[in-house]
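Please open the model in your viewer, with the sequence panel beside it, and follow the selections below in the order in which they come.

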Amino acid sequence: MMLTKLREFIVNRQKVSSLYLNHMCSCRTGVILKRLIVQVFLGRNYSSLPENDVKSLRSVINPPMSKIRNIGIMAHIDAGKTTTTERMLYYSGYTRSLGDVDDGDTVTDFMAQERERGITIQSAAVTFDWKGYRVNLIDTPGHVDFTLEVERCLRVLDGAVAVLDASAGVEAQTLTVWRQADKHRVPRICFLNKMDKTGASFNCTVDSIREKLKTKPLLLQLPVGEAKAFKGLVDVVTMEKVIWNPASHSDDGKQFMREPLTELNDPELLKEAKEARNALIEQIADVDDEFADLVLGEFIENFDLLPAEKLYPAIRRVTMAQSAVPVLCGSALKNKGVQPLLDAITMYLPSPDERNNEFLQWYKDDLCALAFKVLHDKQRGPLVFMRIYSGTMKPQSAVHNINGNYTERISRLLLPFADQHVEIPSLTAGNIALTVGLKQTSTGDTIVSSKASALAAARRAGRNEGKTHRKHMETENLLLAGVEIPEPVFFCTIEPPSVAKQPELDRALNCLQREDPSLKVRLDPDSGQTVLCGMGELHIEIINDRIKREYGVETFLGPLQIAYRETILNSGRATDTLDRTLGEKRHLVTVELEVRPCAREKSEVGPVIEYAENIREELLQEFQEAIENGIQSAYLQGPLLGFPIQDVAVTLCSLALYPGTSTTMVSACVSRCVQKALKKADKQVLEPLMNLEVTVPGDYLSCVLADLAQRRGSIQEIQSRQDNKVVVGSVPLAEMMGYSTVLRTLSSGTATFALELSNYQAMNLQDQNALLKRRTGLA
């Protein structure tokens with residue numbers, strides 16, 4: 001009976017509700033069947049469903065560049081990004097059923113780990129069309145451990161939708177992704193999701209946008225009801241009420257009514273909407289001169305006469321200039337407000353040709369693309385995501401990588417749709433493509449059609465800046481900016497079950513490192529063990545799980561450890577001589593240098609290198625690279641615990657060489673001399689300090705504060721958020737190991753927290769000595 005029902009389900013591709021399952025078979029059989037259904041969804045093909053039910057990916061329109069939108073969905077964890085994306089795909093006609101994160105059947109969360117945990121781990125790209133526009137959308141993670149995924153996606157996007165939980169407002173990770181969008185100057189729209197949730201407050205969330213994000217919110221919509229009473233919204237621009245029909249047979253949100261607001265149907269709502277529209281007009285007039293002239297010239301006496309057609313382009317200009325941010329509301333889970341959001345994306349966010357990319361003038365119509373993400377497919381090999389800025393990309397064509405100065409061949413070109421891809425014959429500028437066949441290309445590489453094309457563009461750039469004779473500088477100008485890779489804060493050893501499995505583990509780690517640049521792998525020089533360095537506990541846990549599932553290697557992880565850093569408190573000077581005879585050739589080098597503390601605004605591991613005036617120019621020209629390589633290698637291992645050095649400047653005081661001395665010997669001598677100088681100075685361990693935000697009910701606040709005090713935490717402020725308290729502070733990362741379990745116990749499972757790396761701070765002498773004893777095994 002059960003197998004028959006399951007077969008019917010697979011054939012019909014219908015979504016079976018839990019209620020129907022319970023009626024259909026016994027409880028135990030229902031549970032088994034529900035598990036089997038999730039497995040069926042893991043392999044469902046979104047692009048091959050019947051044409052009368054769902055659109056084929058091959059039918060995606062290929063409009064002019066002005067009708068392309070490259071957007072990302074970004075937010076704090078659990079704000080509803082993936083659910084919003086799922087609704088967009090459903091209403092645009094590219095999926096048959098509404099997926100649910102809790103059921104593990106959404107399109108963009110296709111990894112097994114994502115479906116088990118109900119969170120987004122890696123960004124997923126989908127392509128669909130909406131009212132004549134082509135939308136390339138990327139759903140990004142909200143967890144702080146996967147911040148790099150958001151960073152590299154925002155680098156190639158033209159606009160973004162910031163999703164906020166209307167019951168929580170701006171949260172810790174919302175601030176992080178907002179700062180990332182600011183860095184890449186990406187225009188944004190805010191979508192206040194979960195308006196149906198208990199405790200949802202439109203006004204409080206708008207206030208938090210204004211206060212925490214330091215931006216001007218433009219209220220384009222007002223909610224009709226809040227929490228359980230939420231049933232629709234008011235379009236402030238057109239003065240229409242949009243109500244979703246609860247009486248419709250499917251309740252999938254496709255059917256809704258638009259009706260003008262009048263005195264008869266809702267006088268109070270009309271009054272509120274008029275006030276909001278007048279405020280909106282005044283806000284836009286304050287930041288847009290063209291619109292201000294229009295209002296002052298024709299509509300100064302009565303704003304009500306200003307038509308919506310005049311407001312739309314003004315809102316678009318303000319959004320693209322990032323002078324203000326349009327705010328919309330809805331409930332993705334309850335299927336309300338997503339269609340107006342799609343309309344706003346096409347109306348207010350920029351097209352690729354409206355973004356200011358100066359380098360495009362040098363390439364003209366030649367291909368120029370940026371590789372921003374790499375995935376490994378068991379059948380196809382490396383899949384490289386490309387944002388095409390100019391020209392056309394075609395399969396079976398050779399492309400040149402400017403960063404690596406090599407040429408590769410694209411074997412196939414695919415259109416991304418989460419884990420389902422459709423092969424296409426070509427793709428034009430402004431789009432996002434998936435390429436097969438690029439074996440060496442990495443995240444952040446610039447791709448052009450040929451080396452000759454790169455040189456021609458370099459000549460144009462050189463002429464433009466008067467630097468035709470500086471070939472190296474010309475090439476630098478052509479490189480598209482990649483992404484900043486954050487330094488890992490956790491590390492642990494990883495071992496295979498046997499020596500025979502070590503090559504398989506190395507291959508898996510190489511593939512995962514190429515996919516995820518924030519993952520670092522190194523070999524411990526003392527023990528010979530492989531060390532895994534990541535952004536957090538969850539990050540390392542996911543990597544270990546992927547090695548087991550995707551590469552079939554059972555691994556053993558050592559205990560998680562903190563990535564400390566080291567510095568010095570005063571200067572130290574040292575001299576070193578290296579004298580070696582290799583064969584008949586003598587290598588002799590004498591180095592004198594000084595190390596000293598060097599405070600920088602942003603703490604970095606990279607060294608500050610200076611040269612004394614008596615160092616000859618000819619020596620520097622020949623050996624500068626060798627000297628700097630030696631200093632950098634010494635920086636990787638500090639004198640106290642072997643952690644990287646930061647905030648230390650090195651001055652090369654003198655350099656004496658025997659004729660014919662190799663650069664390798666110079667590097668080795670400089671590295672050894674830096675280590676000697678560091679040992680002479682007073683040393684200091686730096687520990688990672690984390691920004692902490694704990695959301696806790698008022699009843700448990702005192703317990704949480706007492707616990708943070710024991711963890712060397714520093715409380716900056718305590719905010720109120722509806723019935724909860726938000727504790728904002730900082731705490732050393734070493735004290736936060738296993739904190740999620742402790743917090744659940746303290747608050748009976750009601751509190752949540754978010755961590756983000758702030759900076760590295762000096763440990764006090766007592767804690768530093770205790771750490772040294774533990775690390776040396778004396779404790």
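Begin by selecting Glu-687, Arg-712, Glu-735 and Asp-767, which are linked in a network of salt bridges, where a salt bridge is a side-chain nitrogen of Lys or Arg within 4 Å of a carboxyl oxygen of Asp or Glu. Side chains of opposite charge can pair when their charged atoms come close. The model is a predicted one, in which local features need pLDDT of at least 70 and side-chain atom pairs count only at pLDDT 80 or more, while totals for chains, interfaces and linings use all residues. Residues are numbered from 1 along each chain as its sequence is written, and side-chain values use heavy atoms, with hydrogens and water left out.

Take Lys-131 and Asp-343, whose side chains meet in a salt bridge at 3.0 Å, N to O. This pair links distant parts of the chain, 212 residues apart, with Lys-131 in the loop between strand 2 (124–130) and strand 3 (133–139) and Asp-343 in helix 12 (residues 338–348); helices (H or I, at least four residues) and strands (E, at least two) are DSSP runs numbered from the N terminus. Lys-131 is exposed, with a relative accessible area of 57%, whereas Asp-343 is buried at 17%; buried means under 20% relative accessible area, exposed over 50%, and partly exposed in between, with a 1.4 Å probe and protein chains only.

Next select Asp-158 and Arg-355, which form a salt bridge with the closest N and O atoms 3.9 Å apart. Here too the pair links distant parts of the chain, since Asp-158 is in the loop between helix 6 and strand 4 (159–165) and Arg-355 is in the loop between helix 12 and helix 13 (360–363), 197 residues apart. Asp-158 counts as buried, at 2% relative accessibility.

Then move to Asp-165 and Lys-197, whose side chains meet in a salt bridge at 3.2 Å, N to O. Asp-165 lies in strand 4 and Lys-197 in the loop between strand 5 (188–193) and helix 8, so the pair ties together parts that are 32 residues apart in sequence. Asp-165 counts as buried at 6% relative accessibility, while Lys-197 is partly exposed at 34%.

Stay with helix 8 (residues 202–212) and select Ser-208, which is found there. Is Ser-208 buried or exposed? Ser-208 is buried, with a relative accessible area of 10%. Leaving aside residues up to four places away in sequence, Ser-208 touches Gly-169, Val-170 and Leu-213, a contact being heavy atoms within 4.5 Å.

For the last stop, turn to the largest cavity, which holds about 160 Å³ of space. Of the 15 residues that line this cavity, the closest to its centre are Ile-121, Phe-146, Glu-149, Asp-516 and Arg-546. A cavity is a set of points on a 1 Å grid over the protein atoms alone where a 1.4 Å probe fits but cannot get out, and lining residues have an atom within 4 Å of a point. Colour helix 6 (147–154), helix 16 (502–515) and helix 17 (537–551), each of which supplies at least two residues of the lining; helix 17 gives the most, with four residues.

Definitions and conventions:
1 Å grid on protein atoms, 1.4 Å probe; cavity = no way out; pocket = protein on both sides within 12 Å on 5 of 7 lines; lining within 4 Å. Points joined across faces, edges and corners; volume = space filled by probe spheres on them.
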